[in-house]
Amino acid sequence: MTVTGFEQHFGSPAQGESSAPGRVNLIGEFTDYNEGWVLPCALEFRCRAHWRRRPDNKIVVVSQEYPGERDEFDGNAPYQQGSLPWANYVRAVVAASQTTGYPMGGIDLLLHSNVPQGRGLSSSAALEVAVLGALASAFDWPLETTEIARLGQLAENQFIGCQCGIMDQLVSAAAEPGSALLLDCQSLETTAIGIPEQWTLVVLDSNHPRQLVDSEYNDRRRDCELACRIIGVNSLRAATPAQLEAYRSEMTTSQFLRAKHVIEENQRVQASAEALANGRLTDLAQLLGEGHRSLADQFEVTVAATDALVAIAKAALGDRVAARQTGGGFGGAVICLCHHDDVETLVTAVHQEYGARTGLEATVFSSRAGAGLELVSYD
Ligand code: ADP
Ligand code: MG
């Protein structure tokens with residue numbers, strides 16, 4: 001597709017291409033809103049935005065994933081929802097960009113993405129970062145990576161109405177190929193950590209229907225905030241296991257368990273980053289295993305389907321695979337890290353056993369760690 005596809009839609013060739021990846025979180029679950037650490041990784045699946053400046057102020061956008069649809073709006077007008085849900089993501093990004101005060105011109109955009117949509121791999125962040133890269137290239141905006149991530153997050157928070165943290169956009173913008181990204185959610189400092197060449201990321205989507213996710217998410221968030229207040233710290237990042245024990249009698253059981261998960265999870269992220277840096281898969285297997293158990297028993301956000309996927313992976317490969325539920329919980333996907341040579345054994349076990357145990361079929365994606373935002377000029 002690419003250049004020719006663009007010409008078919010818009011009559012002349014693209015001037016440039018901006019692309020950004022989807023992501024998966026290796027470890028660090030529910031630590032983001034507690035100002036802790038996360039360890040996400042970009043995938044090789046990417047959203048590409050091909051672009052060409054227009055002589056007027058119009059933004060015209062088409063997506064190869066939504067053939068026959070096209071949105072057109074004034075890039076300098078205030079945000080207004082259009083009739084195409086997918087194109088509202090582009091409108092939201094444009095509206096967020098207006099807050100920078102940089103001059104907005106007209107642009108033709110063609111989107112094309114192989115990030116699976118609505119599967120927790122953050123196709124929306126990939127789109128936002130790719131479109132921001134296209135706008136910055138077309139109009140010469142001097143946007144830093146962190147600013148791109150903040151604008152993508154602003155687009156989701158303020159205009160789409162999704163209260164996500166900054167992890168997805170930041171890893172999509174800043175990832176380095178072949179590396180995971182240790183991200184400090186308080187300072188936004190990032191450290192790339194190389195993933196050994198011989199390892200593959202395998203994402204097992206449980207296809208379990210996710211329900212009650214928002215209300216349960218908010219309940220847990222409130223428990224964390226209350227636990228924080230009882231201990232007397234600004235965020236659970238600053239709380240120690242000893243402090244938590246000291247205040248245990250003043251907390252409800254759920255406040256205590258949620259806080260314990262977060263405090264221990266922060267330690268696991270640090271230890272996982274170190275294990276990854278040293279290529280120690282057995283340690284990582286241990287840490288992700290503990291992380292999953294904590295999600296099951298302390299944060300209480302796993303379901304039988306994701307527990308089964310982790311159990312199947314462990315039964316097949318033991319400590320040769322690191323596996324845990326990733327994302328907002330109550331279903332979603334299990335992330336696995338294992339040696340290339342073990343991928344087939346893992347996938348075969350999942351295909352043989354998951355259906356019989358749960359009545360569901362898993363969708364399997366495998367990928368190396370991908371690159372962050374990439375900009376190409378055709379001029
Ligand atoms: P996730 O980010 O987990 O994939 P979201 O619901 O946050 O799920 O975002 C998915 C939405 O993003 C899609 O429903 C669509 O509106 C938009 N989107 C993602 N990729 C594309 C694309 N290639 N073209 C148009 N819209 C897209
Ligand atoms: Mg999303």
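Visitor: In which helix is Phe159 found?

Guide: Phe159 is found in helix 4, where helices (H or I, at least four residues) and strands (E, at least two) are DSSP runs numbered from the N terminus. This is a predicted model, in which local features need pLDDT of at least 70 and side-chain atom pairs count only at pLDDT 80 or more, while totals for chains, interfaces and linings use all residues. Residues are numbered from 1 along each chain as its sequence is written, chains are lettered from A and ligands numbered from 1 in the order in which they are written, and side-chain values use heavy atoms, with hydrogens and water left out.

Visitor: Is Phe159 buried or exposed?

Guide: Buried means under 20% relative accessible area, exposed over 50%, and partly exposed in between (1.4 Å probe, protein chains only). Phe159 has a relative accessible area of 19% and is therefore buried. From Phe159 to Glu216 there are 57 residues in sequence and 23 Å in space, C-alpha to C-alpha.

Visitor: What does the side chain of Gln169 make a polar contact with?

Guide: A polar contact is a pair of N or O atoms within 3.5 Å; within protein, one must be able to donate a hydrogen and the other to accept it, and residues adjacent in sequence count only if both atoms are side-chain atoms. The partner of Gln169 is the side chain of Glu128, at 2.9 Å. Gln169 has its place in helix 5, residues 167-174, and is buried, with a relative accessible area of 0%.

Visitor: Which residues come nearest to ligand 1?

Guide: A residue is near a molecule or strand if one of its heavy atoms lies within 4 Å of it. Of the 16 residues around ligand 1, Ser63, Glu65, Gly118, Ser123 and Ser124 come nearest. A polar side-chain atom of Ser123 lies 2.6 Å from an oxygen atom of ligand 1, and a polar backbone atom of Gly120 is 3.2 Å from an oxygen atom of the ligand. In the side chain of Gln117, an N or O atom is 3.4 Å from a nitrogen atom of ligand 1. The protein covers 81% of the 560 Å² of accessible area that ligand 1 has on its own, with areas taken from the Shrake-Rupley method with a 1.4 Å probe. Helix 3 gives the most to this shell, with three residues.

Visitor: Which residues line the largest cavity?

Guide: On a 1 Å grid over the protein atoms alone, a cavity is a set of points where a 1.4 Å probe fits but cannot get out, and a pocket is an open set with protein on both sides within 12 Å along at least five of seven lines; lining residues have an atom within 4 Å of a point. The largest cavity is lined by Leu26, Leu39, Ser272, Leu276, Leu284, Leu288 and Leu337. Helix 8 (253-277) and helix 9 (281-297) each supply at least two residues of that lining.

Visitor: How many residues line the second largest pocket?

Guide: The second largest pocket has 13 lining residues, and Asp32, Gln153, Gly165, Ile166 and Cys185 lie nearest its centre. Helix 4 (145-160) and helix 6 (213-231) each supply at least two residues of this lining.

Visitor: Where does Leu188 lie?

Guide: Most residues other than glycine have a negative phi. Leu188, in the loop between strand 6 (179-184) and strand 7 (190-194), has a positive phi near 65 degrees. Phe330 also has a positive phi, of about 60 degrees, although it is not a glycine, and is found in the loop between strand 9 (321-326) and strand 10 (333-339).
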